[in-house]
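The structure comes first, then the points by topic.

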Amino acid sequence: MDKRVLRERMRRKKRQLLIRKLTTLGIGGIGAILLVVFIIRGVILPIVHSVGGKEPGNTVEVQAQTAEADPNAAIRQPLKGQGDVGKVSAMTPGWHEDENGRWYQNADGTYFAQGFQEIDGTTYSFDNNGYVQTGWVSKGVRDYFFNDDGSYNPNERRKMLALTFDDGPGEHTPELLDCLEENNARATFFMVGPNVQAHPETVKRMAELGCEIGSHTWDHYNLKTLSLDQVKKQFDDTDDALIAACGQPASVARAPFGEWNQDIIDTADKPFFMWTMDTLDWQLLDADADYNAVMNGDLTDGSIILMHDIHEPSVNAALRIIPDLVAQGYKLVTVSELAEAKGVKLQNASYFGFWDSTLASGEVAGYEGDPNDLSDSGSGGGDETDLSDGSSEGDGLDDGSGEDDYSDGSGDDEEYLDDGSDYTDE
Ligand code: NI
């Protein structure tokens, strides 16, 4: 082999080594750059943000200083489009009225729409087109009343009830769901595992309609007679069946026979619900009697009503009760919606109902104050808005303790063993 060939080979070899080295360096370099990016985005930026004041807590502070940033506040809409032609003709700031209603012109040519807005110390609600709304206006789980002049009236309260149905679902539950849907109403279903397995489509529809998925355990035993491990299995198995049927576990629970203690609640790890009205429908088994039990019963705002959808008369009664209560002005909601509407953040505790008198007693776990007081969510002050007087507290409400209503004897389905114990658990 001559020297030239040898030299040529060595040169080639060197070049190869150099390329390999550069390639390795390149990959390593890219890796290093990616690592730095990850560190900056994942670690440094979050720290900078929290220190620099971009976390939600500080945002609220900023919002509190400007009325427009109030999450309750109406959106400022620029004047635009065909619908605004009439409005453009009156560019002076202040209230205006046309054939469609009243609206408010800001000095900068915008108008309020789609939300609540405080103007000169009074709260108004504006619709999507910017016109002021009167009567009941729904926002989240709550309804707010606005007088004929558009001003918010904190003393008008929409009466809310939670219908609850135990031991199902049953073969007549779909008719009940039809009725709820037709009346824009929702209910809570405390279901037992075997019936969930037997009617998965019904459970799925409940969830789709916004009804609340509740657990009434698998076997409907008196939980106080079980070990906590057995209690846990009762709820876990039922949750598994619920997840298979509707994709979610129970958000709330009701103890069979109303027999619970704090250990049981903590083991189930869900808020427990009793009731303010036991219709005794499982005993009456008569649609007329069931109907009268509810309509002549204590329908105080915040009540929780106990029925059983596995009985045909109960469902038939509910088909009349639901439209009639709605016609009387009641809003029918789930137990969690009722809690939220009444300012209660649910915990692993037992809830009986959400009457103003119960809330005022201070015994309701997680009660955070009257949400009718709109000034809470706004700029913090607001005494001058007359929104925080809370003066309707107790007006026309039964102030008697509800305890009596909870202890009126055995009250569950006779198909299950009833140990005859009553519902007092204290
Ligand atoms: Ni039951």
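Predicted model: local features only at pLDDT ≥ 70, side-chain atom pairs only at ≥ 80, totals over all residues.

Residues are numbered from 1 along each chain as its sequence is written, and side-chain values use heavy atoms, leaving out hydrogens and water.

**Aromatic pairs**

- The structure holds 16 aromatic pairs. Rings of Phe, Tyr and Trp (its six-membered ring) pair if their centres lie within 6.5 Å; planes under 30 degrees apart count as stacked, over 60 as edge-to-face and the rest as tilted.
- Phe116 and Tyr144 pair edge-to-face, at 5.2 Å centre to centre and 85° between the planes. This pair links distant parts of the chain: Phe116 lies in strand β5 (residues 115-119) and Tyr144 in strand β8 (residues 142-146), 28 residues apart. Strands (E, at least two residues) and helices (H or I, at least four) are DSSP runs, numbered from the N terminus.
- Phe116 is buried at 5% relative accessibility, and Tyr144 is buried at 7%. Buried means under 20% relative accessible area, exposed over 50%, and partly exposed in between (1.4 Å probe, protein chains only).
- Trp136 and Phe145 have ring centres 5.2 Å apart and planes at 70°, so this pair is edge-to-face. Trp136 is partly exposed, at 30%.
- One aromatic cluster is formed by Trp95, Tyr104, Phe112, Tyr124 and Phe126.

**Charges over rings**

- The charged end of Arg102 sits over the ring of Trp95, 4.3 Å from its centre. The rule asks for NZ of Lys or CZ of Arg within 6 Å of the ring centre and within 35 degrees of the ring normal.
- Lys139 places its charged end over the ring of Phe116, 4.5 Å from the ring centre.

**Salt bridges**

- The count comes to 15 salt bridges (a side-chain nitrogen of Lys or Arg within 4 Å of a carboxyl oxygen of Asp or Glu).
- Asp108 and Arg76 meet in a salt bridge at 3.3 Å, N to O. Asp108 is in the loop between β3 (101-105) and β4 (110-113), and Arg76 is in strand β1 (residues 75-78), 32 residues apart. Asp108 is exposed at 52%, whereas Arg76 is partly exposed at 34%.
- Glu259 and Lys224 form a salt bridge at 3.2 Å, N to O. Glu259 sits in the loop between β12 (252-253) and α8 (262-268), and Lys224 in the loop between β11 (212-215) and α7 (228-246), 35 residues apart. Glu259 is buried at 5%, while Lys224 is partly exposed at 37%.
- Arg320 and Asp288 form a salt bridge at 2.8 Å, N to O. Arg320 lies in helix α11 (residues 312-327) and Asp288 in helix α10 (residues 287-295), so the pair ties together parts 32 residues apart in sequence. Arg320 is partly exposed at 35%, and Asp288 is partly exposed at 46%.

**Cysteines**

- The structure holds zero disulfides (pairs of cysteine sulfur atoms within 2.5 Å).
- Cys211 is buried at 6% relative accessibility, and Cys246 is buried at 16%.
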